[in-house]
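Have a look at the structure first, and then we can go through it together.

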Amino acid sequence: MAKTRRRKRRTHVDADAGGGSKGKDADAPRTFVFTRGRMADAVKDLSEDLRKVMEPHTARNLKESKSNKLKDFVQVSGPLGISHFLMLSSSDASKYFKICRTPRGPTLTFKIHSFSLSNEVAATQKNPRNPAKAFLSPPLVILNNFGDEAHQKLATITFQNMFPPINVRKVKLSTCQRAVLVDYDAKTKRFQFRHYSINAAPVGANKKLKKLLQSRNAPDLGDMQDVSEFFDKRVGDASDSEGSDDESRRVHLTQDFNRVAHADSTSKIILNEIGPRMELELVKVEEGMCDGRVLYHAYVKKTAEEVKTLEQKKVEREKLRKRRRVEQEANVKRKAREKEIKADAERARQGKSKKKSSAVDEFGNVRDVEGEAEDDAKWAAAFEREEKEWQEGDVYDERSGKTKRKRHGD
C-alpha cells in the first residue's frame, strides 16, 4: 500500500523555534550562564542551577568548552539579543561569580563565600515543591536593604535589569510562580541570594481538604471506617512559611492563581525554597567587559594621583599598540609585494608569463587593477629608458624612438 503524505494538524507556534523574540518578550533581558577557568568543573553544577533560575529567557542548553574565549560569546550575543553574561569561575583560594552587561559592561565580580545546590536544599525539606510549570515564566526579583553608595546602586540596577520588568496592571497572577530574593547585610557586607516557589492556599481550609483539591489522585481510604477520619487525621506537610498564619501573609486575590485559590477570595502566600542559595561579597566593579577602569574594589584603594597615572599609562599603551599594528600591516604588505616582484622576475627569467593577480589581496581588500597596471607601465617605461641611455653612451630619443650617439662635448 502506498504511503500517504502526513497531514499537518499543528496550529500553534513554538516560541523557542520561530519568532519568539518578536512577541511580547522581545525586550526581555536574556542571559548566558557559563563557566570559565581551568577549575570550572567545581562550579558546573551551580551553573546548571543558575540556568534554572534564569529560565525561560536563557540558553538552557548552552555548550561551552575550554577553548572558548570571552569574545566568542560576545560575537554571538548581539544576534541572539543576549543582554547579560553570568560567569562562574573557581581558583585554589575561592569561587567567583561575575555579572557582565553586554557588550560594553560594566562587570560586577562577587566572591562566593558559600553556596548550596538545589538538590541539597530539597534534601533538607520533607515535602519539596518544585513544579515544572513554574519555570515557564520569569521570577519576581526582590531586593532588600541595599545601600546608597555608588557600587550599591550599581548592584541594584544590575540585579533589576537581569529580569524583565512587571506591569502591575497587566500582569497575570498565575504567572507569578517564583521569586528571587537578594538581601544585603550591611554588617558583613554580603549578599544573600535565595530562590523560592510561590503558592497560594485558601485561608481556614482543612489541610487534608486542600491536599485533596490540589491532587489529581484519589486518596486511599481502605483502612478507614468513615470519610471523616480522612479529614481528622493529622498531617505534617507544612512548608517553609506555612507554619505561621498571621494577617500579613493573607491577601485578597483579584484573579485566579491556581486550582484552589480563586478570584475574590482570601488566601495565604506559601513560599518553598527551591535553591540554589549563595552568600556573595562584591569585591570589584569594572567599567568594561571584564576589563577597563576599576570603579570599585573592596580591598585595594588608590588615590586620585595613582588613578590618573594609571589612566595615562593605559592611553600610552593603546597608542603604542595602534602604532605597532599600523607598522606591522605596512611591513606585511611590503613583504608580499617584494615576494610577488621576485616571483615575476623568476618567471621572466624562465620565459614564462607573469602570474595573474587576483581581484582580492591577502587582507580581503579589493585590488585597484587599473591603477596597478598604470604604475607597472610607468615603471617599465622608465626602466627601459634608463637601460637604453646607458647603452654605450647613447641617448634614447622618446619622440623618434631611436638612439643618438653622444658627442664628446656633451
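Let's begin with Arg293, which forms a salt bridge with Glu311, their closest N and O atoms being 3.6 Å apart. A salt bridge here is a side-chain nitrogen of Lys or Arg within 4 Å of a carboxyl oxygen of Asp or Glu. This pair links distant parts of the chain, 18 residues apart: Arg293 sits in the loop between β10 (277–286) and β11 (294–297), while Glu311 belongs to helix α7 (residues 304–349). Helices (H or I, at least four residues) and strands (E, at least two) are DSSP runs, numbered from the N terminus. Because its relative accessibility is 35%, Arg293 counts as partly exposed, and Glu311 falls in that class at 36%. For these classes, buried means under 20% relative accessible area, exposed over 50%, and partly exposed in between (1.4 Å probe, protein chains only).

Please keep in mind that this is a predicted model: local features need pLDDT of at least 70, side-chain atom pairs count only at pLDDT 80 or more, and totals for chains, interfaces and linings use all residues. Residues are numbered from 1 along each chain as its sequence is written, and side-chain values use heavy atoms, with hydrogens and water left out.

Helix α7 holds two further pairs. Arg321 bridges to Glu318; they are 3 residues apart in α7, so about one helical turn separates them. Arg337 and Glu340, also 3 residues apart, both lie in α7 with about one turn of the helix between them. Arg321 is partly exposed at 37% relative accessibility and Glu318 at 32%. Arg337 is partly exposed at 37%, as is Glu340 with a relative accessible area of 25%.

| Salt bridge | Closest N and O atoms |
|---|---|
| Arg293 and Glu311 | 3.6 Å |
| Arg321 and Glu318 | 2.3 Å |
| Arg337 and Glu340 | 3.8 Å |

By the same rule, the count comes to 14 salt bridges. Elsewhere, Lys44, Glu48, Arg51 and Glu64 are linked in a network of them.

Now for the threonine. Thr107 lies in strand β4 (residues 107–116). Is Thr107 buried or exposed? Its relative accessible area is 0%, so Thr107 counts as buried. A polar atom of its side chain lies 2.8 Å from the backbone oxygen of Gly288. Setting aside neighbours within four places in sequence, Thr107 is in contact (heavy atoms within 4.5 Å) with Lys98, Ile99, Cys100, Lys284, Val285, Glu286, Gly288, Met289 and Cys290.

Helix α4 (residues 150–161) is also worth a look. Its 12 residues reach 17 Å from the first C-alpha to the last, close to the 16 Å expected at 1.5 Å a residue; the expected span is 1.5 Å times one less than the number of residues. In α4, the residues His151, Gln152, Ala155, Thr156, Thr158 and Phe159 are buried. Seen down the axis of α4, the buried residues fall within an arc of 165°, so they line one face of the helix. That arc is taken from the directions from the helix axis to the C-beta atoms.

Finally, the whole chain. The protein chain has 8 helices and 13 strands, and 29% of its 410 residues count as buried. Among contacts between residues at least 6 apart in sequence, 62% join residues at least 24 apart.

Notes
Polar contact = N/O pair within 3.5 Å; in protein donor to acceptor, adjacent residues only side chain to side chain.
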